[in-house]
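Look at the sequence and the structure below. The text after them starts where two chains meet and then turns to one of those chains.

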Amino acid sequence: MSTAKQRFTLAAAAALALAATSLTATAQPRTDLVVGMALEPPHLDPTAGAAGAIKEVTYANLFEPLLRVDADGKLVPGLAERWTVSDDGLTYRFTLRPNAKFHDGTTADSADVKFTLDRARAADSVNAQKAYFAPISQVETPDPQTVVVTLSRPDGLFLFHMASGDAAIVAPESAATNKQKPVGTGPFKFDRWVAGDRVVLVRNPDYDGMKPKLDRVTFRFISDPAAQVAALKAGDIDAFTLFSTYEALPEFRNDPKFVVTVGSTEGETILSTNNARKPFDDVRVRRAMAHAIDRKTLIDGVLYGNGVAIGSHFPPHREGYVDLTGLYPYDPAKAKALLAEAGYPNGFDTTLRLPPPPYARRGGELVAAMLAEVGIRAKIEPVEWAAWLEKTFKGKDYDLTMIAHTEPLDIDIYARPDYYFNYRSERFNALNDELNRTQDPAKRNALYGEEQKVLAEDAVNGFLFMLPSVTVQKAGLTGMWVNRPVQANDVTGVSWK
Amino acid sequence: MRRRLPLSLHLGAALTLLLVAMALLSLLWTPYPAEQVRVIARLKPPSAAHWLGTDHFGRDVLSMVMVGARNSLAVGAAAVGLGLAAGVPLGLLAAALGRWGDEVVARLGDLVFAFPAVLTAILLTAALGAGAVNVVLALALFNSAVLARVTRGAALAVWRRPFVGAALALGRGPLSATLVHVLPNIAGIVVVQATVLFAVAIVNEAALSYLGLGIQPPSPSWGRMLGDAQTYLFTAPLQAVFPGVAIALSVMGLTMLGDGLRDWLDPRHRSSGVM
Amino acid sequence: MLAFLLRRLVSLIVTVWLASIVVFAVLQLVPGDPALLMLGVNAQPDTLAALRGQMGLDQPVLTRYLQWAGALARGDLGVSLTYARPVAELVAERLAVTLPLALLSLVISTALALPLGLLAAAQRGRGGDWAVLGFSQLGVSMPSFWIAILLILLFSLTLHWFPAGGFPGWTGPGWGGGIGPALHALLLPALALALPEAAILARVTRTAVLDTLAEDHIRTARAKGVSRTAVLLRHALPNALIPVATVLGLQISFLVAGAVVVENVFTLPGLGRLLYQAIGQRDLIVVQGVVVLLALFVVVVNALVDIACALADPRPKGVSS
């Protein structure tokens with residue numbers, strides 16, 4: 001009897017203790033965060049690699065460029081607290097934060113900025129975006145807090161480029177080892193990396209700017225869709241960014257424990273077409289393909305409806321966008337007629353090469369099925385990124401491929417003579433030259449509109465949809481980015497309610 | 001003397017026949033075209049219209065499983081056929097040549113066996129591109145090494161038997177002795193081994209297609225169906241069951257057939273089931 | 001015997017050396033430039049050249065092979081192109097997942113197979129025997145990656161007993177890792193690898209036990225009145241262990257291949273996944289190193305099995321089977 005009573009009191013005490021801890025838990029918001037990502041970065045040096053995952057872990061969290069891009073795509077102060085541009089657009093003067101320090105305790109001053117910029121444009125530079133630094137003719141450091149950058153030619157996108165992860169400021173002492181032990185100036189510092197599983201960042205107590213609310217951020221890498229969903233449901237992950245298991249979204253939307261946001265990225269997903277190769281050199285064939293692809297079904301089938309159709313190579317959320325999605329309505333009969341007119345009444349055989357991302361593998365399968373309906377028999381050839389870059393992008397040896405172009409404002413690629421589309425248009429090139437000379441925003445937007453129309457009329461590529469930025473997060477989490485103006489998981493403004 | 005046919009032979013032959021019949025039927029008829037996409041009807045559970053449901057693009061799973069049987073059989077047959085064509089002559093040659101020829105074949109075999117078959121296939125598809133043909137080549141390489149080794153061992157045993165020596169003494173050449181005496185005596189062992197390798201090839205093709213390296217869409221493959229199904233485990237768990245059952249039944253049929261054949265040809269040998 | 005061992009050693013070294021040549025040659029055929037992959041679509045030609053220089057890819061093929069093979073002979077596996085870390089370090093880190101996985105699956109498979117095999121032998125021709133043979137036939141027929149998917153479906157997604165993938169690491173606490181969570185994450189993959197293995201081993205055990213039961217000394221023991229159970233456990237089982245161990249050794253290379261696939265199903269950061277990812281990333285140094293290590297492992301195990309067989313039974317000595 002007494003033992004039973006004892007047990008009861010013990011149980012009651014335990015229950016009370018539990019209640020107490022859960023009470024304190026609700027009173028005190030959590031200060032840690034686990035972010036899920038599909039891909040693991042190969043290393044953590046944003047100045048020496050193009051992999052998006054590197055920037056998704058390090059940008060704004062670990063490393064700071066001179067300027068930063070915020071959640072709305074605007075330029076805001078980074079390591080530089082202010083800057084001025086001369087009237088001729090050739091001289092940029094950056095004033096650095098006075099007390100900025102690297103995570104190893106050394107001060108971050110103008111010498112580090114000069115080192116970073118000179119390293120990125122040096123002959124032996126391995127910066128993935130070396131072209132960003134090409135306009136720089138010299139970097140001067142009149143005092144520890146001031147950097148003066150002189151350009152050899154005006155560059156309207158220079159500040160934008162200096163806000164990219166590729167321009168993150170690094171120290172000469174740690175530049176060589178940043179890949180494994182990154183040392184930056186950001187509000188978080190590197191703690192550890194469990195290869196194949198996670199990277200852990202902790203709050204930098206010596207940060208001189210606004211301190212983040214979180215004291216520990218873990219990035220977990222889960223490539224398998226079922227495991228992603230399971231980890232979210234089990235509560236192991238607080239927010240999964242660039243979530244691409246779209247078929248699971250209805251479940252999360254219906255669950256009050258989760259919040260799903262769908263935002264924009266800069267990724268125009270297109271059916272890239274080799275315009276120099278027969279039969280795709282015939283605009284009628286390209287238009288036939290445009291009529292053969294049912295974008296609504298494609299978006300439904302691949303993105304479960306979470307995407308916006310495009311009619312040219314321009315994102316709908318940007319100024320200057322022209323809606324051209326109605327130019328080639330889904331019409332298999334018309335597609336067949338156009339093919340017959342072009343001399344292919346029985347269609348033709350071709351190859352559709354697909355890189356690894358699910359949107360390409362899944363979408364490619366659907367596109368091939370749609371093309372087959374009008375007689376275009378596309379053989380599917382899956383390739384890894386390395387082979388895609390080598391054979392398709394660099395070698396231009398392909399018929400069709402499917403890919404999202406994720407660079408912001410990259411419509412100028414259609415003016416590049418050696419680009420893998422093999423597209424050449426005097427009209428487009430003239431527009432692009434004019435655009436480069438034009439400063440007035442309204443006129444620039446009008447020119448962007450003209451460019452979009454030319455591309456749509458020429459049906460250069462199959463213009464399909466914008467890749468969405470889907471985030472699944474726990475209710476109560478605030479400050480996660482909805483849109484993706486740059487590749488980043490900037491968690492400096494994230495907190496728990 | 002009349003031997004009773006082992007039970008495993010009956011069961012194995014029945015399952016294998018079922019597989020072949022399904023593959024042949026798929027040439028003439030499937031409930032729906034296996035490649036027909038209907039996104040609106042995706043991920044439906046089994047129903048009267050779609051006995052095994054539909055996949056993530058609304059394709060009929062039963063039709064895909066049927067055509068998948070054809071593809072699995074084709075890859076298996078090609079991998080084993082090429083393996084036989086290369087492995088058996090090599091093994092016979094090694095046994096006939098003795099010493100150094102034997103040594104060369106043995107060392108080549110060691111080299112092939114140093115890499116697990118799936119690993120060879122992964123490396124080969126990385127070099128030559130993903131696809132059924134390259135998977136067949138990789139599996140055939142492995143099969144020819146196994147068959148060469150088995151043939152050589154069996155052939156050596158036949159060479160040691162007195163009637164071969166007698167034939168040689170009577171003036172038969174090594175080639176003719178091989179064809180007339182050795183080959184017929186080892187045929188049984190080779191057939192048994194080939195049956196087992198067929199089953200192994202089906203499993204390996206499925207594993208490689210699961211990784212996306214094997215048979216390519218739109219042609220259905222059991223392995224890739226499982227790979228796709230894993231993405232939809234939450235929404236459509238049954239999709240991960242049917243193609244797996246198809247693989248398991250085929251492998252079961254072929255291994256039982258192999259075991260049964262071995263027991264029938266050599267009743268003293270109790271089946272140990274080592275692949 | 002010494003001559004036999006020496007020959008085995010020489011052929012082992014030759015095989016691994018040939019394997020290194022084959023791997024290196026095959027990788028030269030693999031399309032894709034590691035530097036281009038690292039730097040992406042906007043990389044400039046001079047940047048690519050600089051990175052290729054850093055990676056040592058600007059050397060002629062033969063020079064690269066000799067450098068790599070020379071270092072390999074000294075036990076140096078080189079530095080990963082992607083991770084910028086010594087390959088030996090990466091391999092050691094990944095072995096901390098793969099080795100426990102393989103050991104765990106070996107333990108599970110023998111723990112399942114020996115009792116089942118014994119049971120079948122004891123019940124020969126009766127219900128238990130048929131049940132075990134049926135299980136064994138089923139286990140042999142199911143590919144391990146399908147078993148893995150079914151286990152995830154049942155134990156992770158439906159019952160929520162185990163994680164569906166990933167590995168928390170052996171160290172903790174605070175990072176979610178530690179011995180408990182790590183073993184927890186390894187159990188399902190180990191089971192997926194172990195079931196087909198157990199199916200084969202159960203059959204081998206059954207056959208071996210039946211073989212020994214037929215031998216004279218066992219019959220004598222039985223005639224002397226030793227109980228059937230005692231005979232099974234004390235006489236038949238120890239004798240059956242030799243063929244079981246032999247088969248286990250031969251199965252090692254299947255286990256290695258199975259681990260590559262199963263690690264991918266469970267996204268475990270093991271050696272197989274490292275290899276698979278390294279192929280995708282064109283991290284040639286890692287691929288070469290890991291493949292040669294795997295080949296070495298398989299060849300050594302095969303040689304050990306050979307030697308063990310030769311020791312146990314002197315007949316096939318000299319004739320490599």
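How many residues of chain C are in contact with chain B, and how many residues of chain B are in contact with chain C? In this predicted model, 56 residues of chain C touch 47 residues of chain B. On the chain C side, C:F145, C:W146 and C:I149 lose the most area to chain B, and together they account for 13% of what that side buries.

The extent of such a contact can also be put as an area. The size of an interface is often given as the accessible area lost when the parts come together. For chain C and chain B, this buried area is about 4400 Å². Carbon and sulfur atoms give 73% of that area. Charged pairs can be counted too: there is 1 salt bridge between chain C and chain B. C:R203 forms a salt bridge with B:D259, and their closest N and O atoms are 2.9 Å apart.

Now take chain B by itself. Chain B has 9 helices and 0 strands, so that reading from the N terminus gives α-α-α-α-α-α-α-α-α. The C-alpha trace of chain B spans about 75 × 50 × 30 Å along its principal axes.

Chain B has 275 residues, and 60% of them count as buried. Of the contacts in chain B between residues at least 6 apart in sequence, 70% join residues at least 24 apart.

The surface comes last. Chain B exposes about 11300 Å², with carbon and sulfur atoms supplying 71% of it. Chain B carries 19 positive and 11 negative side chains, and the centres of these two sets lie 7 Å apart.

Key:
Residues numbered from 1 in each chain as written. Chains lettered and ligands numbered in written order. Predicted model: local features only at pLDDT ≥ 70, side-chain atom pairs only at ≥ 80, totals over all residues. Heavy atoms only, no water. Helix = DSSP H or I, 4+ residues; strand = E, 2+ residues; numbered from the N terminus. Buried < 20%, exposed > 50% of the residue type's maximum accessible area, 1.4 Å probe, protein only. Contact = heavy atoms within 4.5 Å. Areas by Shrake-Rupley, 256 points an atom, 1.4 Å probe, with all protein chains shown as cover. Lys, Arg positive; Asp, Glu negative; His and termini not counted. Charge placed at Lys NZ, Arg CZ, Asp CG, Glu CD. Buried area = accessible area lost by both parts, 1.4 Å probe. Salt bridge = Lys/Arg side-chain N within 4 Å of Asp/Glu carboxyl O.
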